[in-house]
Amino acid sequence: MISISLLMLLMATASRIVAQSFSCVVSKQEVAVGERFKISYRIENMQARDFRAPDFDGFSVVGGPMQSQNMTVVNGAMSQSTEISYYLSAQRAGKITIQPASIVSGNRTVKSNSVEIDVGGTTMSNTPNTTSPSTQPTQSSNQQQTPTSRDIYISASANRQSVFEGEQVQLTIQLYSIFNSVSLEEIKYPELKGGWVQDVEDAVDTRFRQEVVNGKRINVATLRKSILIPQRSGSLIFDAVTAKVLVQRVVKTGNMWEDFFYGGQVKDERINLSSPKISFKVLPLPEDNKPLSFRNAVGKYTMQAELDKSEVEANDAISLKISIVGDGNLMLLDKPVIDFPSSFEVFDPQVSDKYKVTSTGVTGKKIFEILMVPRVGGSYSFGPVKFSFFDPKQKKYVELVSDTFHIQVKGVAATNQISSGNDVLMTGSDIRYIDDRPLAKNQSTRFFFRSLLYFLFGVIPFILILMTFVFRKVLFMRQTDWESIRTRKANKVAVMRLKKTRKLLDENKLDLYFEEINKVLLTYLSDKFRISFAEMNRDVIYDKLIQNTLSHEISIRVIQVIDASEFARFAPSSIHAGTGLYDEVENLISSIEKNVNL
Amino acid sequence: MKKQLFIFVFFFYYSTTFATIQLRPANEAYSKGQFDEALALYQQLANEGQVSWVLYYNLANAAFKTGNYALAVLNYERAARLNPTHPDIRYNLSLVRNQLPDKQTVLTYTGVTGFLFYLRNLLTIDQWAWLSIMFLFMSFVSFLLTYLLHSFTLKKILFVLVPFWFFPAISSALLAQWYYVDFYKNEAIVMNTEVPVFSSPDKSVVLFVLHYGTKINIQKEKNEWLNISFEDKSGWIEATHLARISVP
């Protein structure tokens, strides 16, 4: 039996291992005689060696063992699985139990579950046209048999079945045949939904080469090699490849002569073939640490970004060339996101890509050429250009960052040329955000304007002006009244005061008498003619008297009397002189009263 | 007694002026995208009689987000009355107007009136009022000095100063008045989806139909009916369909 001893040499350093199991799965549980089906043994998270397949009693092994390994790390937890599969075809009808397979893990033997297959009596249509299903084939003479699915079949295999979104998978479609002369009449490849498939050029080799499968020599031709890139997460199914082949084979006729010389009769047979379906488990790209500049690029890339010139006149075009080189889903790359200065008119990029699909994957480069026209002079800087991709091998994102670009734009363009309405349209899609201060002042709608206080303030100046007017008027009137009274009472006052001075004369107090009589005269003049004491001198008195229609003689006489009274004060004289002066003053006052009418 | 009364009035004035409105819970709801809840919280504050352009502006934003455009217009208009120059209010108001079914010409001032409008909005109503008082007092002082002083040269200078102060006093008062009239303009917003306008205050002849969010002028009132004008049309409308912009 087949023993596989080097199964799980890898992954000894798994940080956490989950759910160990060893199970057997068949693609169909009810088959017809001669129909092919797949039996897979799945070893999950086990260090296994020494795989022993059961005797497939009642079945013949048409393909396999095929082995595929799978490892996934999700959030640091690693799970690994190995699948060993065979293609079997039932040889007889009835219920046949396939015994469990075994592996040795550590130092114990682990057995898988056993499977019961219900084999129906009739052959299926897609199996090669068996002329007589009831005839028991004998192992000894292969050529006598009608061709079974063990003799000729198509296999479709993928290098991995658990992939990330956007990761590349190699798909190989091969034709196995024990017959030497096979011509392919028709082949139909399925359409793939949710993925992108591109054939590898010059990988098709329809010439047979020989391989040993299951201890038998068999011819193998590679029909197609493709690169498949799943574009959405979930499960993706690659449908069966169907083909129609023409087989030429030698059939023993029973005629010894012919058999001897020609080896039998050559017979053409048309056979319909179909490959098993392949289902892929497509993992979504991790959300953790996903860069903002990530635009579904998966693979491994390098980026180069350059400007053709860094100094231009306004309205001259500049081009920014971004080239991305590497392996991965190049044809699905979007242009990197760049913030250009707002006064630049930026055109849609010109995209050119050049890539090659090889058996290891898609490789090549993609160039974005962005044309921009600065409209206003000045010095600008923008960038850096950021491009990020997911590296499925390392299972992480990588961000590539270019330098920042500096552009010197000379001259000022006419203002009407800056008519890029684009920005306005974009921002116009939503209202502006709330004012998010936590506390707002309560605004009073009771205004000071037009309030009582306001009117009061407005009226007060006018009232004050009015009041000033009135006050001054009253003051003036009062003042004039008082002076006229003084004038009117001047004579009375003078006469009364004169009588008092007479007493001083009688008592012979001459000093005081002269002083008093001088005062009486001056006071009288001040009151009568409204002359303030400060202004009083001979000239003023004389002028005032003349003004008030008094004769020159009287005026001179008044001055003389004032002088005499003053002189007498400092050089005392007789009582006789005093009496004379008294009469003189009395006469003068009465004559002024007579002549002046105020 | 009088002094006590004065202090009381003073205190009352200031206590209402500087009371603050707690907007934090509503703003937080808005920032989390819970617009219905934010709208309810803002609405509650407004119903309590709180007055602030910030409150009205945020309320309008929440109303816009919940699709209640009539309520949004009403509150943007209220916010604009309290703060006529705020760019965000004007921007959002113009944006929400674009969503309304009735086309409406928006009054804009250009040229000299535009300049005066700009000048007017530099200060608030009360600031203009105080300014006019100040200028009036300056004018008054100049006049009084002209009257009282004896020196002739000083009198001449001061006499020129009287109109020099008096003119800005009157201008400030006029700007305040303009602002005040705009503030209490008798306008309303149509709150219901489709509202018929009748030829008389009974349900007689339908002249035209107005839709939600349209701004109209109220001319006069009669019981539950309002005489309104919209652009060059006028008619009678039931008061329940409208909400007045004037802040209560």
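**Starting from one residue**

Reply: A:Glu35 counts as buried, because it has 21 C-beta neighbours inside 10 Å. The cut-off for buried is 20 or more. Keep in mind that this is a predicted model.

Me: Where is A:Glu35 found?

Reply: A:Glu35 sits in the loop between β2 and β3 (36-44) of chain A.

Me: How far apart are the C-alpha atoms of A:Glu35 and A:Ser89?

Reply: They are separated by 5.3 Å, although the two residues are 54 residues apart along the chain.

Me: How much of the contact in chain A is between residues 24 or more positions apart?

Reply: Among contacts in chain A with a separation of 6 or more, 73% are between residues 24 or more positions apart.

Me: And what share of chain A counts as buried?

Reply: Chain A has 598 residues, and 25% of them count as buried.

Me: Which residues touch the most other members of the largest nonpolar core?

Reply: That core has 63 residues, and the ones touching the most other members are A:Leu88, A:Ile152, A:Ile154, A:Val245, A:Leu273, A:Met303 and A:Ile322. A second, separate core has 47 residues, including B:Val54, B:Ala79, B:Ile189 and B:Tyr212.

Me: New topic. What does the secondary structure of chain A come to?

Reply: Chain A has seven helices and 32 strands.

Me: Back to β2, then. What is the strand order in its sheet?

Reply: The order is β2-β10-β7 in chain A, an open sheet of three strands with mixed pairing. β2 (30-32) and β7 (94-98) of chain A are the edge strands, each pairing on one side only. From one strand to the next, the twist averages 35°.

Me: How many bridges join β7(A) to β10 of chain A?

Reply: Five bridges join them, and the two strands run antiparallel; β10 covers residues 115-120 of chain A. Within this pair, A:Ile96 stands opposite A:Ile117 in β10(A).

Me: Do β28(A) and β31 of chain A pair in the parallel or antiparallel sense?

Reply: Antiparallel, over five bridges, with β31 spanning residues 405-410 of chain A. The bridge partner of A:Ser379 in β31(A) is A:Gln408.

Me: A:Ile322 was in that core list. What is its bridge partner in β27(A)?

Reply: The partner of A:Ile322 is A:Phe368. The strands involved are β24 (residues 318-328) and β27 (residues 361-374) of chain A, which pair in the antiparallel sense over 10 bridges.

Me: How many bridges are there between β26 of chain A and β27(A)?

Reply: There are nine, again in the antiparallel sense, and β26 runs over residues 350-358 of chain A. A:Ser352 has A:Ile367 as its bridge partner in β27(A). β26(A) and β27(A) form a hairpin, with two residues between them.

Me: And β25 of chain A, how many bridges join it to β27(A)?

Reply: Three, and these two strands run antiparallel, with β25 at residues 344-346 of chain A. A:Phe344 is paired there with A:Pro374.

Me: Now the other chain. How many residues does each chain give to the contact?

Reply: Chain A gives 25 residues and chain B gives 41. On the chain A side, β32 (439-441) and α3 (452-506) are the elements that give two or more residues. The largest share, seven residues, comes from α3(A). By class, the chain A side has 13 nonpolar, six polar and six charged residues.

Me: What joins β32(A) to β1 of chain B?

Reply: Three bridges do, and the strands run antiparallel; β1 is residues 20-22 of chain B. One of the pairings is A:Leu439 with B:Gln22 in β1(B).

Me: Last thing. What is the mean pLDDT of chain A?

Reply: The mean is 78, and 85% of the residues of chain A reach 70 or more. Over residues 123-145 of chain A the pLDDT is below 50, and this stretch has 28 contacts in the model beyond near neighbours in sequence. Residues 413-428 of chain A also stay under 50, with 10 contacts beyond four places in sequence.

How values were computed: Residues are numbered from 1 along each chain as its sequence is written. Chains are lettered from A and ligands numbered from 1 in the order in which they are written. This is a predicted model: local features need pLDDT of at least 70, side-chain atom pairs count only at pLDDT 80 or more; totals for chains, interfaces and linings use all residues. Two residues are in contact if their C-beta atoms, placed from the backbone, lie within 7 Å. Helices (H or I, at least four residues) and strands (E, at least two) are DSSP runs, numbered from the N terminus. Ala, Val, Leu, Ile, Met, Phe, Trp, Tyr, Cys and Pro count as nonpolar, Asp, Glu, Lys and Arg as charged, and the others, Gly among them, as polar. Two strands pair if DSSP finds at least two bridges between them. pLDDT is the predictor's confidence in each residue, from 0 to 100. A residue is buried if 20 or more other C-beta atoms lie within 10 Å of its own, exposed if 12 or fewer, and partly exposed in between; C-beta atoms are placed from the backbone. A nonpolar core is a set of buried Ala, Val, Leu, Ile, Met, Phe, Trp, Tyr and Cys residues joined through C-beta atoms within 7 Å. Axes are lines fitted to C-alpha atoms, for helices over the stretch in contact, and angles run from 0 to 180 degrees between N-to-C directions.
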